Amino acid sequence: MEHDHVRAVDTAVADALEGEIDRQETTLSMIASENHVSRAVLDAQSSALTNKYAEGYPGARYYGGCEYADEVEQLAIDRASELFGAEHVNVQPHSGTQANQAVYFATLEPGDKILSLDLTHGGHLSHGHPANFVGQLYTVEQYEVDPDTGYLDYEGLAEQAAAFEPDMIVSGYSAYPREVDWERIQAVADDVDALHLADIAHITGLVAAGVHESPVGVADFVTGSTHKTIRAGRGGIVMTTEEFADDIDSAVFPGGQGGPLMHNVAGKAVGFGEALEPEFVTYAEQTVANATVLGETLAEHGFSLVSGGTDNHLVLIDLRPSHPDTTGGDAEEALEEAGIVLNGNTVPGETRSAFNPSGIRAGTPGLTTRGFDEDDMRTVGDLIAQVINAPDDDAVIEETRAEVERLCSANPLYK
Ligand SMILES: *Cc1c(COP(=O)(O)O)cnc(C)c1O
């Protein structure tokens, strides 16, 4: 068997892989759900564990030869338990979506009722959108943020829950820039005898570092993504109490998945180990400080921030008040040309559509990983403003692109 590296056997794929590293190296990754993992996590994820079948759980597998798979998975579990203070952790979900599916499958019957945040208000497809099987299998009603403030409307949620009587309330969001009061949502769930799933996909790293309040020990289930703020490589995780431990484990496997992606579980183990180091707290604090400065800078340039600012790693900008003729898609396109990669996003009270939204979402996890500080973020905010003020001006795009490259080479990634 050949053991050449990819470059020697497949130049087409090798070129694309190299292009991707170069793209990440020379552009500003500001998609709020993305981050850059360490070399160590990359190593673990591209390891020979990709060859290994390990259906089952450590010490109870359906195949032989699992001693190293067991070791790696147990490390991931132990480190996650320590990081989050969770009684039970399952590290096998292939992604955050699969983690949520496991919770629904473990606890609900088809037709049961889910109450979750509307997608255009910051929710997620896996919380019951009609295009996702969750929206088709269960009876879903959705709550919204307060259209005037952009904050969660906890009283409205309580009223809606009393009328709808859900079996499950889902909290945790994709585009919500504010601190979430888990206890308050738990109180609503208790009042209507519903289970509570807190999906911390975006803020897994902030919660691990203690810079956002933790729902672990409050909500019945906590799910997360491992590739976002926690930068532990692509995947998902479910945390719960001893009471639901067996139900969750069997809902992940064999309920919804086959063999675990052991190379990704290895990435999680390494990433969780990194997150246990004191430097990770500094990183998470800097991520939030950077988002705060980004928001302030954009506000100074006249942009309208949903909720007026941020408590976490992202800002959500409603372009309608300041740039009524520029859609989120227009802004996304012009910024990408200038080397700033983020996404058009719906905003509360959306008057366009999900394909042609009125806002943009920008996050700081990736830039903070490569060393950006508050001064850099002020520059980035200025750059974003100058592009959106003149999205069709080639000279502005070119000038911005040059400044982006300067910022990138000052803060190298994998070089
Ligand atoms: C990103 C995200 C997920 C998980 O997405 P995957 O792409 O499946 O990992 C789940 N819930 C929320 C709220 C998210 O933002």
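This is a predicted model: local features need pLDDT of at least 70, side-chain atom pairs count only at pLDDT 80 or more; totals for chains, interfaces and linings use all residues.
This tour moves from the whole chain to selected residues, stating at each stop what to select and what is there.

**Basis of the model**

Residues are numbered from 1 along each chain as its sequence is written, and side-chain values use heavy atoms, with hydrogens and water left out.

**The whole chain**

Along its principal axes, the C-alpha trace spans about 65 × 60 × 35 Å.

Next, colour by relative accessible area. Buried residues account for 55% of the 415 residues; buried means under 20% relative accessible area, exposed over 50%, and partly exposed in between, with a 1.4 Å probe and protein chains only.

Contacts (heavy atoms within 4.5 Å) can be considered next. Among those between residues at least 6 apart in sequence, 73% join residues at least 24 apart.

Then select the charged side chains: 21 are positive and 71 are negative, and the centres of the two sets lie 6 Å apart. Lys and Arg count as positive and Asp and Glu as negative, with His and the chain ends not counted. Each charge is placed at NZ of Lys, CZ of Arg, CG of Asp or CD of Glu.

**Cysteines**

Select Cys 66 and then Cys 408. Cys 66 is buried at 6% relative accessibility, and Cys 408 is buried at 3%. A search of the whole structure finds zero disulfides, a disulfide being a pair of cysteine sulfur atoms within 2.5 Å.

**Backbone geometry**

Most residues other than glycine have a negative phi, and most peptide bonds are trans.

Select Phe 253 and Pro 254, which are joined by a cis peptide bond with omega of about 5°. Pro 254 belongs to helix 10 (residues 242-256).

Move to Glu 165, in the loop between helix 7 (154-164) and strand 7 (168-171). Its phi is positive, about 55°, although Glu 165 is not a glycine. With a relative accessibility of 52%, Glu 165 is exposed.

Continue to Asp 193, in the loop between helix 8 (182-191) and strand 8 (195-199). Phi of Asp 193 is also positive, near 60°, and the residue is exposed at 71% relative accessibility.

Whereas Asp 193 is exposed, Ala 194 is buried at 9% relative accessibility. Not counting residues up to four places away in sequence, Ala 194 touches Pro 166, Asp 167, Met 168, Ile 169, Ala 189 and Asp 220. Ala 194 and Asp 220 are 26 residues apart in sequence, with a C-alpha to C-alpha separation of 9.8 Å.

**Helix 12**

Select helix 12 (residues 278-300), to which Glu 300 belongs. Glu 300 is exposed at 70% relative accessibility. Its C-alpha lies 50 Å from that of Asp 247, 53 residues away in sequence.

Leu 294, also in helix 12, is buried at 0% relative accessibility. Beyond four places in sequence, Leu 294 touches several residues, including Met 30, Val 315, Ala 362, Met 377 and Ile 384. The C-alpha atoms of Leu 294 and Ile 384 are separated by 9.8 Å, across 90 residues of sequence.

Finish in the loop between helix 14 (365-369) and helix 15 (374-389), where Gly 371 lies. Gly 371 is partly exposed, with a relative accessible area of 43%. Leaving aside neighbours within four places in sequence, Gly 371 is in contact with Asp 376 and Asn 411.

Key
Helices (H or I, at least four residues) and strands (E, at least two) are DSSP runs, numbered from the N terminus.
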